[in-house]
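Please look over the sequence and the model below before reading on.

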Amino acid sequence: MTKPVYHIKAYQNANKARLLELLALNTPQYFAPEEAADFAYYLDNEVDDYYVVLEGDSIIACGGINYFREQNKAHISWDMVHPNYQGKGIGKLLLQHRLSLLHKEPGIEKIIVNTSQFAEQFYARQGFKTLSEEKDYWAEGIHLLHMELKQS
């Protein structure tokens, strides 16, 4: 059996509807329903670098980077993987792609991710440290964890 081939490409506005569907597939397990409007706003107004992972023509994951160069940091933003592809290394592939880009960025000393308790172990395995937690931040039962990875 041949191993699937995944491609990472830059987000385009034409991808927006599919990404909102991807968010819906991960709601309410990983995202609160009210986050759909926040994600749509992000895609329209706050994208610095955002990527999609394709298997063939199908978008199976997405995630971005936002830069705060004056603070020497960048944020990993809005990561999600299609439920049928979770646990298969797709999220790690996408995160490593973005981290490799950030390692080439002069002046970026810290990489921040604001996530939930559901993804904490995923990021911890990639070297992120939990700095703080705010209970029920995103919605009841979905906490905000501030995590950081220092560039070496």
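Is lysine 135 buried, partly exposed or exposed? In this predicted model, lysine 135 has a relative accessible area of 59%, and because that is over the 50% cut-off, the residue counts as exposed. The points below place this residue and others in the context of the chain.

**Overall fold**

- The protein chain contains four helices and seven strands, and when these are read along the sequence their order is β-α-α-β-β-β-α-β-α-β-β.
- The radius of gyration of the protein chain is 15 Å, which agrees with the value near 15 Å that a compact globule of 152 residues would have.
- Taken along the principal axes, the box filled by the C-alpha atoms of the protein chain is roughly 40 × 40 × 35 Å.
- Of the contacts in the protein chain with a separation of 6 or more, 60% are between residues 24 or more positions apart.
- Buried residues make up 41% of the 152 residues of the protein chain, while the accessible surface comes to about 8,600 Å², with 49% of it belonging to carbon and sulfur atoms.

**Nonpolar cores**

- The largest nonpolar core has 24 residues, and the members that touch the most other members are Ile76, Ile90, Leu102, Ile111, Tyr123 and Phe128.
- Two or more residues of this core come from each of the elements β2 (49-55), β3 (58-68), β4 (73-81), α3 (90-103), β5 (110-115) and β7 (142-150), and the element that gives the most is α3, with five residues.
- Once neighbours within four places in sequence are left aside, leucine 102 is in contact with Ile65, Tyr67, Ala74, Ile76, Ile108, Ile111 and Gln151.
- Another core, of 15 residues, lies apart from the largest one, and its members include Tyr11, Leu22, Leu43 and Trp78.

**Salt bridges**

- The structure holds five salt bridges, and one of them joins lysine 16 to aspartate 44, with the closest N and O atoms 2.7 Å apart.
- Because lysine 16 lies in helix α1 and aspartate 44 in helix α2, this pair ties together parts of the chain that are 28 residues apart in sequence; aspartate 44 itself is partly exposed, at a relative accessible area of 48%.
- Glutamate 105 and arginine 69 form a salt bridge in which the closest N and O atoms are 2.8 Å apart.
- This second pair links distant parts of the chain, since glutamate 105 is in the loop between α3 and β5 whereas arginine 69 is in the loop between β3 and β4, 36 residues apart.
- Both partners count as partly exposed, glutamate 105 having 22% relative accessibility and arginine 69 a relative accessible area of 44%.
- Lysine 135, the residue of the opening question, forms a salt bridge with glutamate 133, where the closest N and O atoms are 3.5 Å apart; its partner glutamate 133 is partly exposed, with a relative accessible area of 39%.

**Asparagine 26, a buried polar residue in a loop**

- Asparagine 26 is found in the loop between α1 (16-25) and α2 (35-45), and because its relative accessibility is 2%, it counts as buried.
- The side chain of asparagine 26 reaches the backbone oxygen of leucine 22 at 3.0 Å, and it also makes a polar contact, at 2.7 Å, with the side chain of glutamine 86.
- If residues up to four places away in sequence are not counted, asparagine 26 touches Phe31, Met80, Val81, Pro83 and Gln86.

**Serine 77, a buried polar residue in a strand**

- Serine 77 has its place in strand β4, and its relative accessibility of 8% is why it counts as buried.
- A polar contact of 2.9 Å joins the side chain of serine 77 to the side chain of asparagine 66.

Terms used. Residues are numbered from 1 along each chain as its sequence is written. This is a predicted model: local features need pLDDT of at least 70, side-chain atom pairs count only at pLDDT 80 or more; totals for chains, interfaces and linings use all residues. Side-chain values use heavy atoms; hydrogens and water are left out. Buried means under 20% relative accessible area, exposed over 50%, partly exposed in between (1.4 Å probe, protein chains only). A polar contact is a pair of N or O atoms within 3.5 Å; within protein, one must be able to donate a hydrogen and the other to accept it, and residues adjacent in sequence count only if both atoms are side-chain atoms. Contact means heavy atoms within 4.5 Å. A nonpolar core is a set of buried Ala, Val, Leu, Ile, Met, Phe, Trp, Tyr and Cys residues joined through side-chain atoms within 4.5 Å. The radius of gyration is taken over C-alpha atoms; the globule rule is 2.2 Å times the number of residues to the power 0.38. Accessible areas come from the Shrake-Rupley method with a 1.4 Å probe; for residues, only the protein chains shown count as cover. A salt bridge is a side-chain nitrogen of Lys or Arg within 4 Å of a carboxyl oxygen of Asp or Glu.
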